[in-house]
Structure formats: structure tokens, C-alpha cells
Amino acid sequence: MAETSFPSLVVHKDRLEAQGSFAESQAQYLDPDPRTVQELDTLVRQKNAGIVAHYYMAPELQGVLARLTWPHVHISDSLLMADKAVAMVEGGASTPGAERIVVLGVDFMSENARAMLDKAGHRETPVYRVAADPIGCSLAEAAESSRYLAFLDRAASVPRALHVVYINTSLRTKAEAHARVPTITVTSSNVVNTILTAFAEIPDVEVFFGPDTYMGRNLANLFRTLTTLGDAAVKSVHPAHDVASITRLLERFHFFDEGHCIVHHMFGAEVAERVRTHYPHAYVTAHLEVPGEMFELALAARREGRGVVGSTSDILTFITTKIRDAAKKPEAATLSFVLGTETGMVTSIVGAVQAALRETGRDDVACEIVFPVASEAITRTNEPNLLVVPGVAGGEGCSVEGGCATCPYMKMNSLDALFDLLRSLPAPQAAEPVHLKVFHPNPYEDLVAGRTIADLGGEPILHMRGFQKSGHIPPDLHAHVTSRVPAPPPGP
Ligand code: SF4
């Protein structure tokens, strides 16, 4: 592998081909030991535990989860995780419900699952994290800073302010925010639609987005780009808008400027330049959380039909669609995709791509997943053919589990930790030992504005659910924005 190349994994119908040690370890994890799979399958059945996991879990863990035959296992982005937890507890006609839920993700994900189960009337169903210590997130921490409170106070002083908060924040942040400014939660898969709908449906609304600065900047960039593309292109993104309305809303879109995801921060200018130089014909994918250079590269590629910017789900759909399209053509092909997001996504991509290729029976169509990694986030080796590998050199955003472009918080959810937790759970129907309470999400029983944090912080999430169902800003949120009396401006 030349120093200019990134590690990659080539996905064929029935096999994987790894380039570089990092990709080799990913490939190995995707083919787990059947005894481990069997052991976990037996354990989750015995404990009647549903598992909801985020796409960013380590491939070692996802590889095993993907092989379980137990029906109550789900891997997705954060939006669906809480819904699936509720569905698992409720069960179906032929599937009895799970008695408890284990969340594999960071703490705001278990908090969301707890909040949604409570709202669905399942307060007695225990929710567990797999670590006794907090499982943080650099974005969630940024939103708990005094700078973020100052941002919210500024928003509160503005008439018709709507705070759009990224889901990667604690229930405490959501409650503190909603007590000051009407707030709606978003994920990367619905943020564009939510903001554009708010601008279309609430006259003169001022949108304050946070805490992810790269995402805020990328959204502003996306909106600015739309103004250059003409009305038809704008309407294909949101039917209620045209170039004039997007131009007007730019002045009323504000974002927090000090919140970063330490993982997506790795996809900086150097990575973008190497992609541009060495992968000129590859498809480029970029999560909305990545820094501007990588985002712009993917945005430019999208204009040529060679790229996607958006959520983890958008990236997965883009890759599988391109592979299905290639499989419809008679000629052999290997399509390369630069993966501009956390590497844990690779497990779901491999599963989806192999399923698509098996359906078509094509041995001669393949998908190369390229893992772009910054040079400050790699290890130099003495191997003449392998000068750099993404890996354990350290630094924020790197972890010994999966190298760089992996989230150290997410990787606190190890396979061993899952086994340990499941073994310590009581048998179904038995009382829970007190020592397991440390694995529960924070109950957030303290009060903000006279309501518990759990209750008040759940409201912005329910507004998001309402938006997801109806496609409109929920009427109570709309009324809150238009009728609220602004607070006095914050002092100097
Ligand atoms: S990748 Fe990790 S640090 Fe980044 S937003 Fe997700 S949980 Fe937070």
C-alpha cells in the first residue's frame, strides 16, 4: 500500500479482500467465531434481553450481533434505536416482547430509549448501558458548557426563536434548552428537512442550531449552494422553498461555533486533499458532521452523481443503490467508495452490499470501501509495503479497538462488556440486584422549570417524533415559538 493510499476493504459476494492491517482487522471481525455467536445467542434468550446498537459499534461486536438468530437485535442510527426498543418490548403476534433492553451506544442513546419507553407506558422495563462509568460524547459535553448556555440565552432574547438541537446531547441539555427556548431535536437524517420546514411554516422564525459546529457550517454551506442551483433543484430538496426563500433564510440561520465531534474532526483538509488527488474517480460519502473540506468534496461529487452528504442511513442507501445499479449492467466492475464517517459503519455496509450481490448472483461486481485517515492519526510502521496504518498511535478520535476514525466513547461498548452485563442480569421475572443500578441511564429526576429533566428533556424528542410522523412542525411547538415573549438580552 503506497503512503498516499488509504486502507480499504473490497467486498465481494462471498468474501472480503483487505488492503492494510486496519482493513484486515475489520475483515476478520466480520467473520466471527461461531462459538461466540452461539454463546451470546443463548445468553440473550435466557435473559430475554432486547439489544439496540448504533452503527458505530466496533466491527468485532457488530460482526457477532449480525449473526444472532434472536429476533430482538437491531443495529441502526440513533433515530431508530429508541423506536426499536419500544417495538421489542411490545413484541408481535408471533414474537413475545423482550423483558429488558440493552443499549449499545453512548449515554444520550440510552437516555432516549428510556424516555421513549416511559412515554410509551413501559416505565417498569429496565434499560441498561454496558458500562458503569459515563459513556460520553464530545458534542454532548460541548452542549453542557457555559458557552452553550450563553448561545441559548442569546436565542431566548430573540423573537420567534427556535432551537434545533442535535440528538447527540444529554436530556439535561435538552431540558435546560427547552426551558429557555422552544426546542426540537434532530438527527443527521432529518436535520435538513426539519430546518427547511420550520422556515417554511413559521413566519420570520430565527433558527439556532447546535452544538455541532461542522454540521451547522455544512448546513449553511448547503443552503448557500442551493441558491446557486435554481428553483427546480431547491424544490427537489424541499418543495416549499425556492431560491428566493433560501436566500432570505440564510440571515436567520445561526449555529453554535464551539462544538465538535472528535471523530469527524479527523476528516480535515489533509484527508480531503488526499482523497481529491488519489481517488479522483471514487464515490465520496460524507456525514454532515465532517469538517468543511471533506463535506465540500462530497458535495461537489454529489453534483456529478458521484457522492452523497447526509446521515449514516443516507450513506448506506447510496452505496447499496450504486452497487445494485452496477449489477444490472453486463460488464464487471469494482466501485470505490470513500467512507467519510465512523468506520463502524462498515459492518452494515458489508451486510447490505453482500445481500445485494447475492440477490443478483454477480461474482464480478465488487465494492471497495476506502477508509480515509489523517496522518496525525496514524501509526508509522517499519514495513516497506505498509508505511502507515490507521491505528493505535493515539490522539483524540483514535482507539486501540479499531484505529482512527473510530469513536473512543462508542468503543466502551465492547463484546466483553456486553457478555459481563448479560451474565449479571437476573433471570426473567426475578428482582434486580441493587448493584445493577449503575448500568441504568441517568434517571434525571431533578427539576428544571418545575418539571423533571426526564419529562422536560423528552419533549424536544417528542416534537421530533411528531415531525417525523406528520412532516410538519407540531402545532404546540409552532404556537410556543410564535407566542413566547423574548427574554431581555443577555448582559455583556
Ligand atoms: S462519533 Fe463519538 S464523539 Fe462523535 S458525535 Fe458520535 S458519540 Fe459523539
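User: What average pLDDT does the protein chain have?
Analyst: This is a predicted model, in which local features need pLDDT of at least 70 and side-chain atom pairs count only at pLDDT 80 or more, while totals for chains, interfaces and linings use all residues. Residues are numbered from 1 along each chain as its sequence is written. On the scale of pLDDT, the predictor's confidence in each residue from 0 to 100, 90% of the residues score at least 70, and the protein chain averages 87.

User: Which element gives the largest share of the side of domain 1 that touches domain 2?
Analyst: The domain assignment, whose bounds come from an automatic or database source, gives domain 1 (8-29 + 262-409), domain 2 (34-135 + 414-439) and domain 3 (138-260 + 447-479). The contact takes 16 residues from domain 1 and 13 residues from domain 2. Helices (H or I, at least four residues) and strands (E, at least two) are DSSP runs numbered from the N terminus, and those that give two or more residues to this side of domain 1 are α1 (21-29), α15 (312-328) and α16 (345-360). The largest share, 5 residues, comes from α16.

User: How many residues of the side of domain 1 that touches domain 2 are polar?
Analyst: Ala, Val, Leu, Ile, Met, Phe, Trp, Tyr, Cys and Pro count as nonpolar, Asp, Glu, Lys and Arg as charged, and the others, Gly among them, as polar. By these classes the side of domain 1 that touches domain 2 has 5 nonpolar and 2 charged residues, and its polar residues number 9.

User: Which residues come nearest to the ligand?
Analyst: A residue is near a molecule or strand if its C-beta atom, placed from the backbone, lies within 6 Å of it. The shell around the ligand draws at least three residues from each of domain 1 and domain 3, and its residues divide into 10 nonpolar, 2 polar and 1 charged. Of the 13 residues around the ligand, those that come nearest are Cys 137, Ser 138, Cys 261, Val 263 and Cys 407.

User: Which residue of β14 stands opposite Leu 9?
Analyst: Two strands pair if DSSP finds at least two bridges between them. Strand β1 (residues 8-11) pairs antiparallel with β2 (residues 16-19) over 4 bridges, and these two strands form a hairpin with 4 residues between them. Strand β1 is also joined by 4 bridges to β14 (residues 365-370), and the two run antiparallel. In β14, the residue opposite Leu 9 is Ile 369.

User: Against which elements do the buried residues of α9 pack?
Analyst: A residue is buried if 20 or more other C-beta atoms lie within 10 Å of its own, exposed if 12 or fewer, and partly exposed in between, with C-beta atoms placed from the backbone. In helix α9 (residues 191-201), the buried residues include Val 191, Ile 195 and Phe 199. The buried residues of α9 pack against β7 (161-166), β8 (183-186), β9 (206-210), α10 (213-226), α12 (243-249) and α18 (453-470).

User: Is Tyr 444 buried or exposed?
Analyst: Tyr 444 lies in the loop between α17 (415-424) and β17 (447-448), and has a positive phi of about 50 degrees although it is not a glycine. Because 22 other C-beta atoms lie within 10 Å, Tyr 444 is buried.

User: With which residues is Thr 482 in contact, leaving aside its neighbours within four places in sequence?
Analyst: Thr 482 is placed in helix α19 (residues 475-483), and is partly exposed, with 15 other C-beta atoms within 10 Å. Leaving aside neighbours within four places in sequence, Thr 482 is in contact with Arg 160 and Ile 202.

Methods: Two residues are in contact if their C-beta atoms, placed from the backbone, lie within 7 Å.
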